[in-house]
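Student: I would like to go through the terms used for this chain and see what each one rests on.
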Amino acid sequence: MVWSQMAQSYCTVATKSLYTCRACALRPPSHKRSSVVTLTKMSNSNSQEELDAIFEQKRILRTRVKKALKAMEPSLRSQEDNAIQSVVLEAPWFRSCRRLCAYISCSALREVDTSKILSQILQNPANDSHMQMKKKLYVPRVEDKNSHMRMLNISCMDDLIANSMNILEPAPVDDDGNEREDVMQANEPVDLFLLPGLAFDRSGRRLGRGGGYYDTFLKNYQEIAKAHNWKQPLFVALSYSLQIMEDGDIPITPSDIPVDALVSPAGVIPINPAALDRM
């Protein structure tokens, strides 16, 4: 069974549960829209009322984007999936990366497809023009309902199993009973994260599904990279055209982590200087 068929067969669950690894919202500079509490104000006064207001704004936006994604024509979705993955596969920053973390897309969650990207990495034939050398791939595994997620190394599709939500994840041990390598314990840095989400803007804000899994994980990895004096990885989000919001439409909290770039069907949208330098 090919990757896309396997993923589609497992991804048959509802999208309302917070117990998925598809959850975070990201933080760029504050903006001028009066309807959103800014980061500066939040840092000075972290009142529960302000947090509640932001969470409600996020809830409303999630509902709106999920409705739009549900109404997206299958042919358009397929077209944009192919375009986004082609952009990634041809990008110099992808071709040159040696270690990366990437999500396993689930059609029931209406995420941008990653099946072609992951298949390229895992197949990795010596004569593949997309690959300069073998890449090491880590994919997410949700451990509990408290925003605890790990990224574990896989080398083939058989390393994946369906979790309680029927979402594909890496098994914690391999066929020999050995624990899979956790990226948090790896001896070498990750170059790239390919991230999912519900909504994005061109200043780096990213709205997840509300569980905080990615925000927590990305913050922890940034701290590990800093402690090892490693170069920080690129955080690149994959986005359908309809998921890109106007700047200021996505509310933020101090715990939200910004992305460095977006990949849409139209191409790469670099956001910060690090992304401009490396893209």
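Predicted model: local features only at pLDDT ≥ 70, side-chain atom pairs only at ≥ 80, totals over all residues.

Student: How do you know what span is expected of H4?
Tutor: The expected span is 1.5 Å times one less than the number of residues. H4 (residues 74-90) has 17 residues, and its 24 Å from first C-alpha to last is close to the 24 Å expected. For H3 (residues 48-70), with 23 residues, the reach is 32 Å, close to the expected 33 Å.

Student: Which residues of H4 are called buried, and why?
Tutor: Buried means under 20% relative accessible area, exposed over 50%, and partly exposed in between, with a 1.4 Å probe and protein chains only. By that rule Arg77, Glu80, Asp81, Ile84, Gln85, Val88 and Leu89 are the buried residues of H4. They cover an arc of only 165° around the axis (taken from the directions from the helix axis to the C-beta atoms), which puts them on the same side of H4. Ser75 and Gln79, on the other side of H4, are exposed.

Student: What makes the pairing of H4 and H6 a contact?
Tutor: Contact means heavy atoms within 4.5 Å. The axes, lines fitted to C-alpha atoms over the stretch in contact, with angles from 0 to 180 degrees between N-to-C directions, come within 8 Å and cross at roughly 35°. Asn82, Gln85, Val88 and Leu89 of H4 meet Ser115, Lys116, Ile117 and Gln120 of H6.

Student: Why is a set of residues called a nonpolar core?
Tutor: The set must consist of buried Ala, Val, Leu, Ile, Met, Phe, Trp, Tyr and Cys residues joined through side-chain atoms within 4.5 Å. The largest such core has 65 residues, and Trp93, Phe94 and Leu194 have the most contacts inside it. Helix H7 (residues 213-227) gives the most to this core, with six residues. A second, separate core of five residues includes Cys106, Ala108, Leu109 and Ile167.

Technical notes: Residues numbered from 1 in each chain as written. Heavy atoms only, no water. Helix = DSSP H or I, 4+ residues; strand = E, 2+ residues; numbered from the N terminus.
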